[in-house]
Amino acid sequence: MPDPAVPPRPESSAGQATGDAAVLVENLERTYKGGLKAVDGVNLIVEPGEIYGFLGPNGAGKSTTVRILTTLLRPTGGRALVAGYDVVRQAPEVRRNIGVALQEAALDPLMTGRELLQLQGALHGLRREEARERAAELLERVDLVEAGDRRLQTYSGGMTRRLDLAMALVHRPAVLFLDEPTTGLDPVSRNALWREVRSLNDDGTTVFLTTQYLEEAEQLADRVGIIDRGHIVAEGTPDELKRLVGNPALMVKLIDPAQHDEACRVLAPHGEVSDRSGGGLNVRTPLGARAIAPIVRSLDEARVEVDAVELEEVSLDDVFLAVTGHPAESDEDVRDAQP
Amino acid sequence: MTDVVLEHRAVTQWRVTLALAGRALRIQLRRVQFLLPSFVLPLLLLVVIASGTSAAQELPGFPVQSSYVGFVVSGTIIQGALLVGLMAGIAVADEIEGGFFDRLLSAPINRASIVAGRVLGTMGIGVFQAVLFLLVALAFGADFTGGLPGALAVVALAAICAGAAAALGASIALKTGSLSLLQNLFPIVFVLLFTAPAFLPHDYLNPALQAISDYNPLTYVVEGMRGALFDSPGLGSVPLGFLSAAALLVAMFALAVWAMRARVKT
């Protein structure tokens, strides 16, 4: 039964119901005091049940956008609807429908995992007994039952992140915002968190994920938006974005640099050959990893001694360079700074 | 909106406020290194006064002849209440800097509950502190003719003052977000104390301090405490003490809520 206190979902400026999109952002802007424009006309739509990857380097405007979508910051222009509710005019309804795990898992180190989950339950209107049951359920889900009654100061980074995720799930949100959830985690913890995010998505939760890592977006996201200097500069599936870079590159390291010219001759039929700045050669080929075996065979037959042949993963830096014409490293970290 | 919905919301907000108050109390007690100065400094002052300066009660016309410690413990209690309030502000600034505050802001609660929870939790510490200080004063020979009712009134006044100080600390934290600024505000506590008749009767202050103390709301709280402890309206009016403390709490709470709104808007 609908909550009579919750206002009806709004209509778009065109008069159409906008309740279908999990997140709808139109010409969103945020200018800080002093004129710094951190978000400059962002438009995006996230469909229900989707994992949307929001990529960008430090200072691109990711965190500011997330802070607006989670009602922690007001936009200075445009509008945004989350779960069908306006983030400015219907902020309490938005908060009821979202789960938020912000950057660096800001949790109180003096509280235990269980206390934090129970507090989160209380903040979302659960009665004491309900909050207790939900906390136990979530501790089990994120594999923290044994650590549940320990203070957070004794948790590892991975455990803290898992608890942070569990806290965002206490009230079974429709849309989950994860702001750089795996930054600083070791590969094992990162994989565990990825599994949990996939499992949540399988249960129907829409996930809005910000990250600096294309690999993370590739592992998790159905679609990806790349933000640079407050604008969305590219959007698509991870594969579509990678294709913007061109053919994947195979890196060939030679044992004897004197065989450079011979190696170039042998590799030319396999793809576009170029010198690498740190030594060795790059071969760009549409076959990607499938070209490794024929390349090694050709070099062997020509008696060119090879130290290594590796497929170079396309990184966010590569995609960035391809779509913006400048490297991802930004010296404008202040864009994501707090006001 | 129906009455049932309004009632449901009120119950939920009250539950949220209590949960936040419980957390504030628990965490403050766990941050012993921060809480300790607000207990140790006033107690040290009380002990020094008890052992070294009790001759003040021999001064002609001193209003409490039975025990200088009993007279001065009201000032000690106010000092402790101001310090725990400042600690509450430091805790809020710490939560803002560490990001935990954002988690509270992203919950579907009335944001005034966040301040109210902090204020209530600090009032709990104020109760504990006032009881402890009264017991120490008794151990040092204080004799309170107001008995248990007087002591209870003092504990209530201390709790209200601690709440007001917590709201003030929270306002500064919310407005500035600066942990270091709050850590440097300790001297203000002493300015507030010495511009109120915390350790000497009003008539013993020099004329300039007397004039200032007339405008310091803590004057009426500390005198109200003495009136309650010694069951003597001549030492101070208990109702006026409560009125002054309550006005402080309401004003500081309103200031904190305003600071919260201003912070969220920016």
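Select chain B and colour its 266 residues by burial: 50% of them are buried, a residue being counted as buried if 20 or more other C-beta atoms, placed from the backbone, lie within 10 Å of its own. The model is a predicted one, in which local features need pLDDT of at least 70 and side-chain atom pairs count only at pLDDT 80 or more, while totals for chains, interfaces and linings use all residues. Residues are numbered from 1 along each chain as its sequence is written, and chains are lettered from A in the order in which they are written.

Switch to the cartoon of chain B, where there are 11 helices and zero strands; helices (H or I, at least four residues) and strands (E, at least two) are DSSP runs, numbered from the N terminus. Of the contacts in chain B with a separation of 6 or more, 80% are between residues 24 or more positions apart, two residues being in contact if their C-beta atoms, placed from the backbone, lie within 7 Å.

Next, select residues 147-176 of chain B, helix α6, together with residues 217-229, helix α10, whose axes are 7 Å apart and meet at an angle of about 160°; axes are lines fitted to C-alpha atoms, for helices over the stretch in contact, and angles run from 0 to 180 degrees between N-to-C directions. The two helices α6(B) and α10(B) are therefore roughly antiparallel, a label for angles over 145 degrees. Show side chains at the contact, where α6(B) contributes B:Gly150, B:Ala153, B:Val154, B:Leu157 and B:Cys161, and α10(B) contributes B:Val221, B:Gly224, B:Met225, B:Ala228 and B:Leu229.

Now move to chain A and its open sheet of six strands, ordered β6-β7-β8-β3-β9-β10 with mixed pairing; two strands pair if DSSP finds at least two bridges between them. At the edges stand β6 (98-101) and β10 (231-236) of chain A, each with a single partner strand, so one side of each has no neighbour in the sheet. Neighbouring strands are turned by 15° against each other on average, direction ignored.

Within this sheet, select β3 (residues 51-55) and β9 (residues 223-228) of chain A, which run parallel and are joined by four bridges; A:Phe54 has A:Gly225 as its bridge partner in β9(A).

Helix α5 (residues 157-168) of chain A lies across β6 and β7 (175-179), running at about 165° to β6(A).

Technical notes: A residue is buried if 20 or more other C-beta atoms lie within 10 Å of its own, exposed if 12 or fewer, and partly exposed in between; C-beta atoms are placed from the backbone. Angles under 35 degrees count as roughly parallel, over 145 as roughly antiparallel, 65 to 115 as roughly perpendicular and the rest as oblique.
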